[in-house]
Amino acid sequence: MVNPKVHPRLLVNPIHFLALGFGSGLARYAPGTFGTLAALPLLWLLHTQLSVFNYAAVTLVFAVVGVWICHYTANALGVHDHPAIVWDEVCGILIAMVALPLTWWNVLLAFALFRFFDIVKPGPIGWCDRNLHGGLGIMVDDILAGVAAGATLHLGYALLNTFQ
């Protein structure tokens, strides 16, 4: 089912195609979750082809450029942070997996933690979501949710290694 408020014709524009998460943002229900799922092949490709440093660098570039991509599509749609704009989720899950081994367990935990922090929006994540606008406002809460998810996983692994 396609989101009725966003015409699939937007996908022919490469900027909208990215902002709409390769089309996953057009899902009628839970477009953020579908956007995160759509990022998994990209996550796998980057993780398997790049060093940790290069993976982090590409992820940073995606996040910085994402501010402009999301702003551009939000203006075209006439709605700030339209649910169909999911490039922020794509970047968020990539951030959550920085410097973690690519295992199905890590991807599953990163996915679950990222979606949790993105939906619940605790502390500064919620503040950014409510107070920042434009492309920066669209991106920053998901960047922070990705950082929180990744930090939680890294902390969990550090604690497990401490008690072994």
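1. Ile 138 touches Cys 70, Ala 74, His 80, Asp 81, Ile 85 and Asp 88, residues up to four places away in sequence being left out; contact here means heavy atoms within 4.5 Å. The model is predicted, so that local features need pLDDT of at least 70 and side-chain atom pairs count only at pLDDT 80 or more, while totals for chains, interfaces and linings use all residues. Residues are numbered from 1 along each chain as its sequence is written, and side-chain values use heavy atoms, with hydrogens and water left out.

2. Ile 138 lies in helix H8; helices are DSSP runs (H or I, at least four residues) numbered from the N terminus. Ile 138 has a relative accessible area of 0% and is buried, a term that means under 20% relative accessible area with a 1.4 Å probe, protein chains only. Between the C-alpha atoms of Ile 138 and Pro 8, which are 130 residues apart along the chain, the separation is 21 Å.

3. Helix H4 (residues 52-77) packs with H5 at an angle of about 160 degrees, their axes lying 10 Å apart. Axes are lines fitted to C-alpha atoms, for helices over the stretch in contact, and angles run from 0 to 180 degrees between N-to-C directions. H4 and H5 are therefore roughly antiparallel, the term for angles over 145 degrees. Their crossing is left-handed, meaning that the near helix is turned anticlockwise from the far one by less than a right angle.

4. On the H4 side, Tyr 55, Thr 59, Phe 62, Ala 63, Gly 66, Ile 69 and Cys 70 meet Trp 87, Asp 88, Cys 91, Leu 94 and Ile 95 in H5. The contact of H4 with H5 comprises nine nonpolar, two polar and one charged residues. Ala, Val, Leu, Ile, Met, Phe, Trp, Tyr, Cys and Pro count as nonpolar, Asp, Glu, Lys and Arg as charged, and the others, Gly among them, as polar.

5. Helix H6 (residues 104-120) has 17 residues and spans 24 Å from its first C-alpha to its last, close to the expected 24 Å, which is 1.5 Å times one less than the number of residues. Its buried residues include Val 107, Phe 111 and Phe 114. The buried residues of H6 pack against helices H2, H3, H5, H7 and H8. Lys 121, which follows H6, has a positive phi near 55 degrees.

6. The axes of H2 and H6 come within 11 Å and cross at roughly 150 degrees. Gly 32, Thr 33, Thr 36 and Leu 37 in H2 meet Phe 111, Phe 114 and Arg 115 in H6.

How values were computed: Helices (H or I, at least four residues) and strands (E, at least two) are DSSP runs, numbered from the N terminus. Buried means under 20% relative accessible area, exposed over 50%, partly exposed in between (1.4 Å probe, protein chains only). Angles under 35 degrees count as roughly parallel, over 145 as roughly antiparallel, 65 to 115 as roughly perpendicular and the rest as oblique.
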